[in-house]
Amino acid sequence: MCGIIGFVGSGEAAPVLLDGLKRLEYRGYDSAGVAVSGADGINMVKTIGKVEELVKKVHECDRLRGSCGIGHTRWATHGIPSDINAHPHMSEDGKFAVVHNGIIENFTALRSEFEQKGVKFQSETDTEVIVCLLAYYYDGDVKKAIMKTLSRLEGSYAIGILCADEPEKIYAAKVASPLIIGVGAGENFFASDITALVSHTKNVIDLDDGEIVEMTADSLVIYNHAGKPVEKPAKFVAWDIAAAEKNGYEHFMLKEIMEQPGALKATIEPRIKDGWIVFDDIDIDMTKFNRILITACGSAYYAGCVGRNVIETLCRIPVEAEVASELRYRHPLVDEKTLVIVVSQSGETADTIASMKECKKLGATTLAIVNVVGSTIAKLADNVIYTWAGPEIAVATTKGYTTQVAVLDMFAMWAAEKLGRISEEEYKSLLVDLMRLPERAQRALDLSSRVKKLADKYYDRSSLFFIGRNIDYSVCLEGSLKLKEISYIHSEAYAAGELKHGTIALIEPGRLVVALCCLEELFEKTVSNIEQVKARGAQVLGVALENNRRIFSEADDVLLVPVTNKLLVPVIEIIPLQLFAYYVARKNKCDIDKPKNLAKSVTVE
Ligand code: F6R
């Protein structure tokens with residue numbers, strides 16, 4: 001969702017801001033803008049559409065001169081995407097410019113308060129009230145004006161601020177929205193995430209809720225909510241710029257699909273010590289719990305659905321998975337005997353954060369499975385296991401999902417061992433298969449050219465179904481989401497046995513049904529569902545294990561994936577489906593890395 005960048009240094013700010021916005025594009029947005037503070041006050045350029053449009057507009061404008069500025073990519077919440085609603089927003093007197101990520105919940109009340117004072121609002125955004133407040137409280141002391149402004153705001157925000165009276169300074173503040181500081185040599189930055197900064201600096205400071213930062217090119221002061229300076233050391237972030245660039249791939253999504261063997265290896269290997277899974281970073285007594293609840297959104301939730309099956313099978317504890325946006329409204333039966341596992345690539349998903357807070361309040365112990373180090377979820381959770389997938393830029397998650405599933409598999413084995421519910425023999429055999437996941441993922445990637453041919457055959461279908469049973473069904477959910485979100489083709493995932501209870505009415509000649517049949521013990525059952533849809537004219541693309549020959553007489557087309565332990569199959573089985581979604585979207589000329597209406601990091605509820 002909205003991306004923020006701020007820069008103060010000795011060179012021109014505009015090129016740095018535009019470069020930062022390009023790197024934040026993956027978060028999803030529909031308009032963009034920059035403001036630069038210089039000798040003639042604050043000037044800004046904004047546009048609906050892509051950052052390329054903004055770059056053109058900035059080149060046509062010769063007023064954006066100055067070494068200090070803020071930039072923004074906006075994902076519309078209050079008000080349509082338009083030039084006027086794009087950020088930055090400027091106060092009527094031209095003294096303050098602001099960029100904002102998040103939602104000001106009391107903006108209606110604040111807006112009418114200022115309308116009564118005669119302020120004419122330019123935009124429909126909630127953000128514009130922030131510049132009104134700043135201008136209203138400003139008496140020559142910017143920090144004081146910011147503190148007074150923040151005390152009036154309710155909701156979540158990360159804001160970047162320029163003041164025309166201080167053309168060599170930038171300010172930022174945050175509450176419940178991501179914002180980090182980048183510490184450079186003779187230059188300083190803030191940004192929504194590290195991807196915007198790694199080409200400039202790898203030394204970062206996490207800003208905590210309620211803190212304000214004041215920066216010049218050579219100095220940086222962080223104030224706590226009471227306005228007192230606080231010392232916070234910078235951390236070195238190991239991500240490199242190559243990991244956040246395309247390295248010759250046409251799209252980030254394809255690059256990230258191809259990176260999965262490496263990401264799995266990085267996630268799994270360091271946690272295996274002397275033949276046992278060791279999580280140095282967690283302190284959990286499994287005997288305390290009578291129940292596990294997994295909560296997350298979108299693909300992370302689908303990873304949780306796989307995890308539910310694996311944990312329940314190995315640990316014999318009741319496990320539930322629930323989407324985070326629903327969990328809170330169920331008044332969940334959660335207490336100190338519940339372990340709540342929260343899954344999130346970004347660590348910033350608003351619904352997931354809210355659910356986690358609710359469960360903590362009810363006494364649960366929380367374990368977060370997160371990719372982004374230092375993210376809000378990682379900070380709030382009692383325990384964290386990081387997925388070491390590296391930066392994920394494409395909006396549609398791929399390596400984020402497979403590494404989440406791998407961590408859930410490892411957790412299931414670890415917990416089953418702690419509870420004494422798995423024999424050493426079964427554990428060791430699973431461990432061998434776990435360690436071979438990277439190699440088998442690589443072999444699944446070798447299906448790429450075959451998948452591309454199938455995508456060329458089926459790319460023009462208007463609607464399709466993914467069916468499977470048990471763990472295959474969990475993978476259907478993710479395969480179907482991948483396809484619809486990047487190709488805009490309607491697709492549904494169905495538990496194979498459930499289709500006949502109504503939805504089979506939609507099966508008609510030519511309808512493509514992707515049937516996942518990797519679970520050997522349920523193969524015959526799924527075959528009977530395949531026969532039901534074929535009898536109604538559907539074409540079937542079967543996905544099965546390499547040793548399965550029967551599938552050839554049941555399906556029109558077949559993709560065979562490497563054999564592995566049935567509990568670990570999802571990590572491998574999803575790979576051809578990711579490739580299928582990718583090649584179908586490519587054939588349909590879709591904007592694969594930035595699908596319409598979507599955002600990478602969903603920081604609003
Ligand atoms: C789909 C996708 C989303 C995310 C969801 C949760 O490809 O990426 O469904 O999985 O928005 O995001 P995180 O994992 O960042 O909490």
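Strand E8 (residues 170-175) and strand E12 (residues 212-215) run antiparallel and are joined by four bridges. This is a predicted model, in which local features need pLDDT of at least 70, side-chain atom pairs count only at pLDDT 80 or more, and totals for chains, interfaces and linings use all residues. Residues are numbered from 1 along each chain as its sequence is written, and side-chain values use heavy atoms, with hydrogens and water left out.

Q: What makes E8 and E12 a pair?
A: Two strands pair if DSSP finds at least two bridges between them. Four bridges join E8 to E12, so the pair qualifies under that definition. In E12, Val213 is the bridge partner of Ala172. Strands here are DSSP runs of at least two residues (E), helices runs of at least four (H or I), both numbered from the N terminus.

Q: Which strands form the open sheet, and in what order?
A: Seven strands form it, in the order E5-E6-E7-E8-E12-E13-E14, with antiparallel pairing. Strand E5 (89-90) and strand E14 (229-230) are the edge strands, as each pairs on one side only.

Q: Why is Val204 called buried?
A: Buried means under 20% relative accessible area, exposed over 50%, and partly exposed in between (1.4 Å probe, protein chains only). Val204 has 5% relative accessibility, so it counts as buried. Val204 is found in strand E11 (residues 203-206).

Q: Which residues does Val204 touch, not counting residues up to four places away in sequence?
A: Contact means heavy atoms within 4.5 Å. Val204 touches Ile180, Ile181, Ile194, Pro233, Ala234, Lys235 and Val237, with residues up to four places away in sequence not counted. Val204 and Val237 are 33 residues apart in sequence, yet 7.1 Å apart in space, C-alpha to C-alpha.

Q: How do you know that the radius of gyration agrees with a compact globule?
A: The radius is taken over C-alpha atoms, and the globule rule is 2.2 Å times the number of residues to the power 0.38. With 605 residues, a compact globule would have a radius near 25 Å; the protein chain has 25 Å, so the two agree.
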